[in-house]
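Colleague: I am new to this structure and would like to learn how to read it. Could we go through its features one by one?

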Amino acid sequence: MHDSSQPIVDVRSVTKTFDVAGQQIVALKDASLTISKGEFITLIGASGCGKSTLLRIIAGFERPTSGEALMWGSPIEGPGPLRGMVFQDYALFPWLTVRDNIGFGPTSQGWPKSKVRETTDRFIEMVGLQRFADAYPHQLSGGMRQRVAIARVLANEAEVVLMDEPFGALDAMTRERLQEELLEIWRATKLTVVFVTHAVDEAILLADRVVVMTPGPGRIESDTSLTLSRPRDLTSPEFNEIRRAMSARLHSHHGKRAA
Amino acid sequence: MPYCVCLGGRMALVDMTAIPALKRQAQHSGEALARLRSTLLALFVPGMLIGLWQVATTQQWTRLIPTPWETAIYMVDFVVGGIHNDAFSATAHIHLLASLQRVYGGFALAAIAALTLGLLIGRVPLARQMLDPFLQVMRPIPVTAWLPLSMILFGLGARSAFALVFLGAFYPILLNTVLGVKSVDPKLLEAASMLGCRGNAQFTRVVLPAALPSIFTGLRLGLGLAWFVIVVGEMTGVPQGLGAVIMDGRTLSRTELVICGMIIIGIAGFISDLIVVAIGRRLLRWSPSHNA
């Protein structure tokens, strides 16, 4: 179906400027990123580094000012079911139950009812929310809501899952558990994940590749493949070493500015 | 399936469903007491007012107002008859029905018009630019100020009352519909579009349900105002209706008739609001602010 050597997502020298009160703000400058199918990539950087802008361009919510973003070789023209987004604030439909939130995409795409039902059931089970299938979002905890948001994207047969600081609003315990669950799902489904975070630990724990971005203007500072074996131990010396190197890269632009 | 690691989530489930059940058992006896207490508290102020009314009338601070007891007897006569047997005996249901028709007819018409316009103004910029300024200027004009014009346009009688009810209910429904449609969280529209829901489908599957709580608030306010306006509307010489009864009571110096009309309007408006709230609870049970 697709040439396996072809990247699933290819971002080529993308620059994005926003017009803010008559001023041109460069959110992202000349960013290039090639993502292969099945990769888990984290984008990390301080606020204003353009990581969310890059994610939103891949999603199709924003169009590049110059350069191009491709999926399987064709330009990304707008948001679509192939690229599912998981938002930090969940963005669940509050008037739909867990089941109907997860079934929203399949229903929109006009799948037959029995297939929608079967798919939603499968993903409700995958994220462990069987007993909450008929609950409304406001009755769920933050962690459960984010599980629904993840299942909603998976049920829609997204090939790329884009996650914008998805665990940023959760408490530490819930975040850890969801990180584990996300890795389990990723392993089981061979999904491609692009995960935005500002937490160095999280970036290293999850990723095959860590892309460090720096602000002013937002650009890609480095792109590092991690060879660390999984499951990863946050307290191991190897982990610490990578963490130190990443932190140095994250703060490198401060040094440049001072010089 | 090896994917479920959400022990904490299940604990939360147990807590959430078990606690109300336990409470229900423990509080079964306490509940009746609490209900009695809240009923007594709610009756306190009306009771005091009736007491004051009783004192004021028996002490003859005024001669134009009947005592509560006399009013109660008139009320029975007005509703079931058999006491005074005058022109108004046993006619309450006729007047109530006439008013109900005008209130709900005018309200339904207002709801159709205001919902359509509100959805248009909230969604279509051209409609907003054309209609919003005009409606904003018309809005501060009180419904009562329309009375003379409406009598000229619609004549003396039921149609005029109908028109005033329509105007009274129209604005709250319109404004809340526009507000609801305009304040749909853009994140939800993004979420819908990345799930493959676009264009018109987005309107019915996202915008409408998201705006529903606000639309509902508008409908509730509109129905309240419809009851508010009906008395003015029925002052224009309609033969039947609770507003007409109040006007007749005034011209015939039958204050007890005025008070009976007022009480029936109060009760009817109250029940009508209860029904709307019950429908809302059912429709909006997903909304944390509507099912409290």
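Modeller: We can start with two helices of chain B: the crossing of α4(B) and α5(B) is left-handed. This is a predicted model, in which local features need pLDDT of at least 70 and side-chain atom pairs count only at pLDDT 80 or more, while totals for chains, interfaces and linings use all residues. Residues are numbered from 1 along each chain as its sequence is written, and chains are lettered from A and ligands numbered from 1 in the order in which they are written.

Colleague: What does left-handed say about a crossing?

Modeller: A crossing is left-handed if the near helix is turned anticlockwise from the far one by less than a right angle, and right-handed if clockwise. Helices here are DSSP runs (H or I, at least four residues), numbered from the N terminus.

Colleague: At what angle do the axes of helix α4 and helix α5 of chain B cross?

Modeller: Axes are lines fitted to C-alpha atoms, for helices over the stretch in contact, and angles run from 0 to 180 degrees between N-to-C directions. The axes of α4 (residues 92–123) and α5 (residues 125–138) of chain B cross at roughly 120 degrees and come within 6 Å. That makes α4(B) oblique to α5(B), since angles under 35 degrees count as roughly parallel, over 145 as roughly antiparallel, 65 to 115 as roughly perpendicular and the rest as oblique.

Colleague: Which residues of α4(B) and α5(B) meet?

Modeller: Two residues are in contact if their C-beta atoms, placed from the backbone, lie within 7 Å. On the α4(B) side these are B:L117, B:L120 and B:I121, and they meet B:A127, B:R128, B:L131 and B:D132 in α5(B). The residues of this contact divide into five nonpolar, no polar and two charged. For these classes, Ala, Val, Leu, Ile, Met, Phe, Trp, Tyr, Cys and Pro count as nonpolar, Asp, Glu, Lys and Arg as charged, and the others, Gly among them, as polar.

Colleague: How do α8(B) and α9(B) pack?

Modeller: Their axes are 11 Å apart, at an angle of about 155 degrees. That makes α8(B) roughly antiparallel to α9(B). The crossing of α8(B) and α9(B) is right-handed. From α8(B), the contact takes B:L188, B:L189, B:A192 and B:S193, and from α9(B), B:Q202, B:R205, B:V206 and B:A210.

Colleague: How many residues does the contact take from chain B and from chain A?

Modeller: Chain B gives 24 residues and chain A gives 34. The largest share of the side of chain B that touches chain A, six residues, comes from α8(B). By class, that side has 17 nonpolar, five polar and two charged residues.

Colleague: Is B:A110 buried or exposed?

Modeller: A residue is buried if 20 or more other C-beta atoms lie within 10 Å of its own, exposed if 12 or fewer, and partly exposed in between, with C-beta atoms placed from the backbone. B:A110 has 25 other C-beta atoms within 10 Å, so B:A110 is buried. B:A110 belongs to helix α4 of chain B. B:A161, in helix α7 of chain B, is buried with 33.

Colleague: Which residues have the most contacts inside the largest nonpolar core?

Modeller: A nonpolar core is a set of buried Ala, Val, Leu, Ile, Met, Phe, Trp, Tyr and Cys residues joined through C-beta atoms within 7 Å. The largest has 136 residues, and those with the most contacts inside it are A:I58, A:A151, A:V194, B:V165, B:A169 and B:A226. Helix α7 (residues 158–182) of chain B supplies the largest share of this core, 16 residues.
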